[in-house]
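This is a walk through one structure, taken a region at a time. Please keep the sequence and the coordinates at hand while reading.

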Amino acid sequence: MRLEVEARLRLGSFAIDAAFGSEGGVTALFGRSGSGKTSLVNIIAGLLRPDQGRVVLDGDTIADSERRLFTPVHRRRFAYVFQEARLFPHLSVRGNLAYGRWFAGAARSGPEFGRIVEMLGIGHLLDRMPSKLSGGERQRVAIGRALLAFPRLLLMDEPLAALDDARKAEILPYLERLRDETRIPIVYVSHSVAEVARLAERVVVMENGRVKASGKTAAVLNEPFPTSGPGRREAGALIEGIVDSHDEGHELTVVRAGDCLIRVPHLVAEPGQRLRLYIAARDVMLATRRPEGISALNVLPGTIVGLSSPRQGSIDVRVDCGGNVIAARVTTLSRDALDLRPGKQVHAVVKTVALDY
Ligand SMILES: Nc1ncnc2c1ncn2[C@@H]1O[C@H](COP(=O)(O)OP(=O)(O)OP(=O)(O)O)[C@@H](O)[C@H]1O
């Protein structure tokens, strides 16, 4: 699968001028509010017509301004999941799902229905009306309806943004299954680094209508000079780990990452499952001796491998903790007081509660 998007479009005083490619899986469009993510997705969907540009999926040209080619929305066979579920209120869950199937044409019914219902965990909800569902359940039904239309491409615009943290944590594992069990390429709009880190294979960072950075998620999010990645405020490190165990009594999950065990708030995931965590640099402290008597559960020994140049009185220190590089934001005063320099042994301290979903 290969998706190619190139688009230029003026919207009043705002302009989109962006291009990116995807090789399948989940591609995140990431950026601040107003950076142009929704406009770009609307161009892919066919809801907006670019002044100039092309959309090509698997060699099939869907839009090309030079050739005056513009396939209308309903003939693209793309599905769109929005921030709010937009279910038909007068139809039951079953009726809403049937609409997706009908949209795909009768020939496409069959065993897929059961598989998708099972994957999204909505089998027990089939006879309920949308008004009797939680926000997370509604969103899972909306995703099911989209999948049952057998789209060639799934567009998701901030599908978790309207949900509280508990609902987000509940729905994320379903999105991971969707990514891993279907072959449908997904373009996923989000302004949450944690979400992008967990779900996306590739990230396109948008700023002011343009692509500021793009590439593999780990490469973009672990960018040592945070100005070109997700931005300085969000800078941090993506850690690849495996679920080790659950501490049910304390509602914690232990994730093994290299030689380190990292405790995070409880995750819906089986031991052995791979996952990615994002640790923001501003959530990490450094200590030159192993601290005792502190509440933070993650005290990870490591070696400093790099320091960024100072900005606004602080620096990002990169620490190799058993094979994973974690970033910690400290003041230049702490750098000098603790004599932080490459090669020095330190302990990175990460609060568990900073690592929610
Ligand atoms: N039809 C339009 N006419 C004029 N300006 C528009 C139009 N549509 C969008 N804009 C402007 O384009 C900019 C980008 O909007 P867009 O919704 O694409 O951003 P976004 O990154 O998706 O933001 P958010 O995360 O808040 O949804 C905004 O400044 C918006 O006000």
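The model is predicted.

Start at the ligand. The residues surrounding the ligand are L11, G12, F14, G31, S33, G34, S35, G36, K37, T38, S39 and H191. By class, this shell holds two nonpolar residues, nine polar ones and one charged one. Helix α1, which spans residues 37–45, contributes the most to the shell, with three residues.

Next, turn to I116, which sits in helix α4, residues 112–119. Is I116 buried or exposed? I116 counts as buried because 22 other C-beta atoms lie within 10 Å, where the cut-off for buried is 20 or more. Setting aside neighbours within four places in sequence, I116 has contacts with G144, L147 and L148. Of these, G144 is 28 residues from I116 in sequence, while the C-alpha to C-alpha separation is 6.4 Å.

Two strands can be followed from here. Strand β16 (residues 284–287) runs antiparallel to β20 and is joined to it by four bridges; within this pairing, M285 has V349 as its bridge partner in β20. Strand β17 (residues 298–307) is also antiparallel to β20, with six bridges between them, and L300 stands opposite A348 of β20.

Methods
Residues numbered from 1 in each chain as written. Predicted model: local features only at pLDDT ≥ 70, side-chain atom pairs only at ≥ 80, totals over all residues. Pairing = 2+ DSSP bridges. Near = placed C-beta within 6 Å. Nonpolar A, V, L, I, M, F, W, Y, C, P; charged D, E, K, R; others polar. Buried ≥ 20, exposed ≤ 12 C-beta atoms within 10 Å, placed from the backbone. Contact = placed C-beta atoms within 7 Å.
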